[in-house]
Amino acid sequence: MDKKVYEYEVGERFVTFLFLKAVTKGVASNQKSFLSLTLQDQSGDIEAKLWDISSEQEEAYVEGAVVKVEGELHDYRGKLQLKLRQIRPAKDSDEVNPEDFFARAPVAKNELYEKITSYINNMENEKLKKITEYLVLKNEDDFLEFPAATKNHHEFVSGLAYHVYCMLKLGESIATLYPSINKDLLYAGIILHDLGKVRELSGPVSTKYTVEGNLLGHISLMAIEIGNASIELGIEGEEITVLQHLVLSHHGKYEYGSPKLPLIKEAEILHYIDNIDAKMNMLDRALERVEPGEYTERIFPLENRSFYKPKF
């Protein structure tokens with residue numbers, strides 16, 4: 001398992017173990033059933049099709065299983081897919097550990113926690129400090145373990161905390177350049193903006209949306225949590241409304257699922273920082289998979305563009 005799926009060349013035959021992240025059954029035009037498989041290792045997810053399936057295969061290939069595959073990468077309309085030659089469920093004798101297939105943040109959980117809490121400890125506004133600290137401690141374990149999304153960006157173990165960590169470093173640089181920015185407010189908004197995802201998402205493995213996630217979403221969930229925290233802590237003042245606004249507006253545009261547009265300077269900056277870090281993560285992961293002089297596969301959240309990797 002030293003070599004990962006996306007480290008192989010297109011058309012190069014390989015045999016490896018993969019984690020079965022998601023399975024969807026479909027029916028082809030010839031009325032025969034097939035399975036759409038989402039497989040993963042530490043290099044990312046890849047789609048594959050298993051055609052003409054039997055009832056035994058349908059029962060064997062379920063979400064959360066580890067499978068041994070023989071196949072090759074092929075380019076289908078600008079997107080890499082896995083063309084299966086053979087596939088079977090892993091056996092006990094294979095001695096594989098499912099955790100070996102999950103990508104993780106490049107910074108350890110304890111270091112992420114120390115870095116993030118250092119920003120909280122340095123806040124001068126006691127109301128923002130107490131609410132941020134309270135909500136991080138309340139959700140500490142999940143905050144440090146959850147991904148930031150089901151796909152597209154920071155979709156790995158500890159992705160949520162790593163996303164926040166990177167955004168804090170960006171925010172600190174911007175606040176140094178523009179000293180009129182309220183750093184306490186910006187940092188509190190960065191730390192809490194996606195914290196509702198610990199209720200929106202199911203966890204770091206085979207991540208799905210929860211009922212709360214589908215019906216309310218992480219933005220609404222965290223705005224409610226901030227309000228509840230202020231009551232539990234006995235905190236009143238404009239800080240509560242303004243912090244809720246940063247959470248409610250951080251997607252920036254109505255068409256991006258933002259309940260409100262940014263109407264405060266720090267809310268505008270928060271939206272840009274969130275966007276920069278998410279897109280840079282998408283680009284870095286896509287560009288890792290191609291050689292200099294080649295184009296990435298199409299990246300749907302980036303207007304379905306393919307990005308060129310310069311040779312120099």
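Modeller: Start with E225, which counts as buried because its relative accessibility is 9%, under the 20% cut-off. This is a predicted model. E225 forms a salt bridge with K138, and their closest N and O atoms are 3.0 Å apart. The pair joins distant parts of the chain: K138 sits in helix α3, E225 in helix α9, and 87 residues separate them. K138 counts as partly exposed, because its relative accessibility is 46%.

Now follow α3 itself. The helix covers residues 126–138, which makes 13 residues. From first C-alpha to last, α3 reaches 18 Å, close to the 18 Å expected at 1.5 Å a residue.

N125 caps the N-terminal end of α3. A side-chain oxygen of N125 lies 3.1 Å from the backbone nitrogen of K127.

Next, the buried side. The buried residues of α3 are L128, K129, I131, T132, L135 and V136. Look at their spacing. An α-helix has 3.6 residues a turn, so residues three or four places apart point the same way. The buried residues of α3 pack against several other helices: α2 (109–121), α4 (140–145), α6 (183–192), α9 (217–233) and α10 (238–249). Notice α9 in that list. Helix α9 also holds E225, the salt-bridge partner of K138.

Finally, step back to the whole structure. A search there finds 18 salt bridges. One of the others is between E212 and R199, with the closest N and O atoms 2.4 Å apart.

Technical notes: Residues numbered from 1 in each chain as written. Predicted model: local features only at pLDDT ≥ 70, side-chain atom pairs only at ≥ 80, totals over all residues. Heavy atoms only, no water. Helix = DSSP H or I, 4+ residues; strand = E, 2+ residues; numbered from the N terminus. Expected span 1.5 Å × (residues − 1). Buried < 20%, exposed > 50% of the residue type's maximum accessible area, 1.4 Å probe, protein only. Contact = heavy atoms within 4.5 Å. Polar contact = N/O pair within 3.5 Å; in protein donor to acceptor, adjacent residues only side chain to side chain. Salt bridge = Lys/Arg side-chain N within 4 Å of Asp/Glu carboxyl O.
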